[in-house]
Amino acid sequence: MAGSPNDYEDTTRTVRTRVGDFEYVGGFPTDETVRQAYDQLDVQRGCQVYLEFMPLMSQQAIFDSHERESGMVENRDVGVYDYQAQGKVETVGLTYNTESIYSTACVNVEHGPVVVETPPNVLGVIDDGWMRYVTDLGNAGPDQGRGGSFLLVHEDDDTELPDGYHTFRTPTYRNWVMIRAFVDDTGEGDQALDWYRGHHRIYPLASGPDPDATYVSFSQHPYLRTTHVRDVTYYARLAEVVQREPSGVFTAYQKGLLEAVGIEKGAPFRPDDRMRALLAEGIEIGDAIAKANAYACRLEGVRRYPDRKFEQLFLGGRHDFMSGDALWLDARTLFHYEAIVVTPAMAVERVGVGSQYLACYRDADDNFLMGQHSYRLHLPPDIPAGNFWSVTLYHPETRSLLANGQDKPAKNSYDDLAWNDDGSIDLYFGPEPPHGDDRNWIRTLPDQGWQILLRLYGPLETFFDGTWKPDDFAKIS
């Protein structure tokens, strides 16, 4: 009878989809449909691997740069951006600012606990190899800005641990120590390097400090690349990380996803030509998804204000990207495609402590910011930053500082700026300065997109309660 479960009239048919036509004969897929279906599955798996492991690969890219480009030794050496801008503008790296004197180092706890001695009055963090939060250092950390001695230990390490440290366990072997210091404390150049030498040491607990520890000046190492690759070599690098880290840092689902594209602990990664081509396509699709998710974000709560175009990078006030008991996948991708450093000090309301960020990609008319046009950004009086504020430009392709030919693509509270009589300020963006005055002007590049981060270090109450908010970008002639 018609409509019964055993009605076989529609078993030979063609199904049309956005990825192609699928044909069935008597219920069986044709050879061409089988080929298309498996190709689609492998492309989708490649795309999902790219998105799922982006936090891990972003963190590992920083470690790779330390070792391969700067010659740094883990558990010993510290890299320092010893000038506010010099050395950063030439680097491909996510969300660098042009105000802080950064330091960066890799701690590997595979062979035992490691000591991290930290400076006073800094904003620092330890993230694990997945760029997941372990602890804050400095003003938002357990040392409360006084500086302190931290001990990092692998979660399976049964070493008897001494007292006197802020002790934290981590699931990954390799972990990131990142510190943002204030230039008023550190100075620049050799003075900044000496300041870090006197305040920041990293060494295995068992052996103590190494007299050969090097403090690498990144102003002398321009053109570093600290972002993950976005081509088919992504998978080979991911396979190396899988071999290096303990199996327990990956869930059963993640291991299954890895094995689906040929990555397995203890086995070589050797994709054939067909698989390599499909994985390359998966990367392209994944990167398009990440770009759309970043620059045309559809997630609830991404806009900070209902009447402004400014957006947040941490959604829901959560540094762990959780929404209830679920991992908010697209919120995690939003952050990790554009930014680095995971800490609640950048996500939750802590008046006068930590830092807050507003991103913007569009003008008041909701058009993308483009370098051939000129714009004005009005910041009302009493910008709510206890330490400093800045407006910094980045390129949407590299997500790195805009290489615009100026010393820095930014303006900040350290600069000699022209303020309005009421204490507000107007910043200008475009190919040429307005009225020939470049004090408040940042150059943009015709036919190139750009985006900004508005930073507030030591954010004040008026930011959190919304009584202070920036105007939208106004296009001007």
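## Exercises on a predicted model

In this predicted model, Lys408 sits in the loop that runs between β18 (385–394) and β19 (410–412).

**Exercise 1.** Determine which side chain makes a polar contact with the side chain of Lys408, and which residues Lys408 touches once its neighbours within four places in sequence are left aside.

*Solution.* Begin with the side chain of Lys408, which makes a polar contact with the side chain of Asp415 at 2.7 Å. That distance can be set against the cut-off for a polar contact, which is a pair of N or O atoms within 3.5 Å. Next, leave aside the neighbours within four places in sequence; the contacts of Lys408 are then Ala85, Val89, Thr98 and Asp415.

**Exercise 2.** Describe the largest pocket by its volume, by the residues closest to its centre, and by the elements and residue classes of its lining.

*Solution.* The volume of the largest pocket is about 490 Å³. Its lining comprises 37 residues, and those closest to the centre are Arg180, Ile340, Val341, Met346 and Tyr357. Turning to secondary structure, at least two lining residues come from each of α2 (54–69), β5 (101–108), β11 (174–181), β16 (355–360) and β22 (451–459). Sorted by class, the lining of this largest pocket holds 22 nonpolar, eleven polar and four charged residues.

**Exercise 3.** Describe the second largest pocket by its volume, its lining and the classes of its lining residues.

*Solution.* The second largest pocket has a volume of about 300 Å³. Lining this pocket are 17 residues, with Trp130, Arg132, Asp320, Leu327 and Arg332 lying nearest its centre. By class, the lining of the second largest pocket divides into nine nonpolar, four polar and four charged residues.

Methods. Residues are numbered from 1 along each chain as its sequence is written. This is a predicted model: local features need pLDDT of at least 70, side-chain atom pairs count only at pLDDT 80 or more; totals for chains, interfaces and linings use all residues. Side-chain values use heavy atoms; hydrogens and water are left out. On a 1 Å grid over the protein atoms alone, a cavity is a set of points where a 1.4 Å probe fits but cannot get out, and a pocket is an open set with protein on both sides within 12 Å along at least five of seven lines; lining residues have an atom within 4 Å of a point. Grid points are joined across faces, edges and corners, and a volume is the space filled by probe spheres set on the points. Helices (H or I, at least four residues) and strands (E, at least two) are DSSP runs, numbered from the N terminus. Ala, Val, Leu, Ile, Met, Phe, Trp, Tyr, Cys and Pro count as nonpolar, Asp, Glu, Lys and Arg as charged, and the others, Gly among them, as polar. A polar contact is a pair of N or O atoms within 3.5 Å; within protein, one must be able to donate a hydrogen and the other to accept it, and residues adjacent in sequence count only if both atoms are side-chain atoms. Contact means heavy atoms within 4.5 Å.
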